[in-house]
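This note is intended for a colleague meeting the structure for the first time. Please read the numbered points alongside the sequence and the model.

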Amino acid sequence: MKSKYASLFETVTLRSGLQLKNKIVMAPMTNFSSNEDGTVTDAEIAYYARRSKGVSAVITACTYVTLNGKGFEGEFAADRDEMIPSLARLASAIKAEGAKAILQIFHGGRQVPPHLVDGDVVSASSVPAEAEGSPVPRELSATEVEEIVAAFGETTRRAVEAGFDGVEIHGANGYLIQQFFSPHSNRREDRWGQRLAFPLAVVDAVKQAAAKADRPFAVGYRFSPEEPETPGITMADTLELIDALKEKELDYLHVSLMEFWSEPRRGVDDTRTRLEIIKERAGDAVPVIGVGSIYTADDAVKALGTGVDLIAIGRGLIIEPDWVQKVESGQEESIAVKLDKEAQEQLVVPDPLWKAIIHTPGWFPGV
């Protein structure tokens, strides 16, 4: 490889002892391609295997920890022990190609389609999302909240038993964990109205389950730094979240962004990018994964230059599954940066995901 890209191929050892062979990971992306019973399909296995050869770790699409947390059609399940063989197939396929396998775990909360949960949409409070047509969720009882916290721990146990190398707690993108942290969706007056209570309880449950693994097992946490709503999460809120998460001895923090270089809306008097502000606050206490519109090797090196510890690539790995190998072999100029709409078979993308891509103008370069 060219020396200018050498920093991308430095090894990283996480707090848990999990070793990453380079600084590039596959970002989690919903693929809508699982079976109706929640098991993974052969098409999903092939899709992940195709992208597991060069990256140091694959963070899977999110999987639900309870049945009423299912957020998408074609989402694979991890809410019961019967799913462990399915999860094991996925972990094995990723690891067989040389990447670490990290399972992203979540509950959709008020964002779930009502027809997937028999109309019982739940959240921190009975406050609907602001999108037109959003259902009014039912406020979870305190007992139900505790049951969901426990479910995150149980799903982590299943991930351990299935052979995964870690889990990522999905506290981003407006799903249930974020709903408890947000002043928009959490109007409770009990202990769960303390906006950090639920996220930190989930972290504790997951960490407790992960500690029982007989091997290095990573625990990461993903968050969205801001919300557009008023009231909503600001950068000031996120800095408080980071301070709390730093005390939990996590393996990494993963920031959910569509654009790596995006700047804060509100909450800080700072002209730097969100990721630079976040990395400064995290300091040396916990590694930070940066993400968002990274398509070329130069994009990745520039992003790494901000101080973030790892780079996640999502859409770029759908467009170019051999991204890492091409940089490593000095062929970075041949990396595809626009989706070839005639190349579904060569790119090994399942039909449901391919249709979602093709019908989302502007989300993918060239589409």
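This is a predicted model: local features need pLDDT of at least 70, side-chain atom pairs count only at pLDDT 80 or more; totals for chains, interfaces and linings use all residues.

The points below begin with the basis of the model and then treat the barrel, its strands and the helices around them.

1. Basis. Residues are numbered from 1 along each chain as its sequence is written, and side-chain values use heavy atoms, with hydrogens and water left out.

2. The barrel. Eight strands close into a barrel in the order β3-β4-β5-β8-β9-β10-β11-β12, with parallel pairing. Strands here are DSSP runs of E with at least two residues, helices are runs of H or I with at least four, and both are numbered from the N terminus; two strands pair if DSSP finds at least two bridges between them. On average, neighbouring strands are turned by 30 degrees against each other, direction ignored. Axes are lines fitted to C-alpha atoms, for helices over the stretch in contact, and angles run from 0 to 180 degrees between N-to-C directions.

3. Strand β4 and its neighbours. In β4, 8 of its 8 residues are buried, where buried means under 20% relative accessible area, exposed over 50% and partly exposed in between, with a 1.4 Å probe and protein chains only. β4 pairs in parallel with β3 over 2 bridges, and Val25 faces Ala57 of β4. On the β5 side (residues 100-106), 6 bridges join the two parallel strands, among them the one between Tyr64 and Phe106. β4, α2 and β5 form a right-handed β-α-β unit; right-handed means that, with the strands pointing away from the viewer, the path from the first strand over the helix to the second runs clockwise.

4. Strand β12. Leu310 and Ala312 on one side of β12 (residues 310-313), and Ile311 and Ile313 on the other, are all buried. In a regular strand, side chains alternate between the two faces of the sheet. β12 pairs in parallel with β3 over 3 bridges, and with β11 (residues 288-291) also over 3 bridges. Ala312 stands opposite Val25, and Ala312 is also the bridge partner of Val291. From β11 the chain passes through α8 (residues 297-304) to β12 in a right-handed crossover.

5. Strands β9 and β10. These parallel strands, residues 218-223 and 252-255, are joined by 4 bridges, and Phe223 stands opposite Val255. Helix α6 packs on the sheet, touching β9 and β10, and its direction makes about 170 degrees with that of β9.

6. His254. Why might one count His254 as buried? His254 lies in β10, and His254 is buried because its relative accessible area is 0%. Its contacts (heavy atoms within 4.5 Å) include Glu168, Tyr221, Ile289 and Ala312, not counting residues up to four places away in sequence.

7. Helices α6 and α7. α6 (residues 235-246) and α7 (residues 274-282) pack at about 35 degrees, with axes 9 Å apart. Met235, Leu239, Ile242, Asp243 and Lys246 of α6 meet Arg274, Ile277, Ile278, Arg281 and Ala282 of α7. These residues divide into 6 nonpolar, no polar and 4 charged; Ala, Val, Leu, Ile, Met, Phe, Trp, Tyr, Cys and Pro count as nonpolar, Asp, Glu, Lys and Arg as charged, and the others, Gly among them, as polar.
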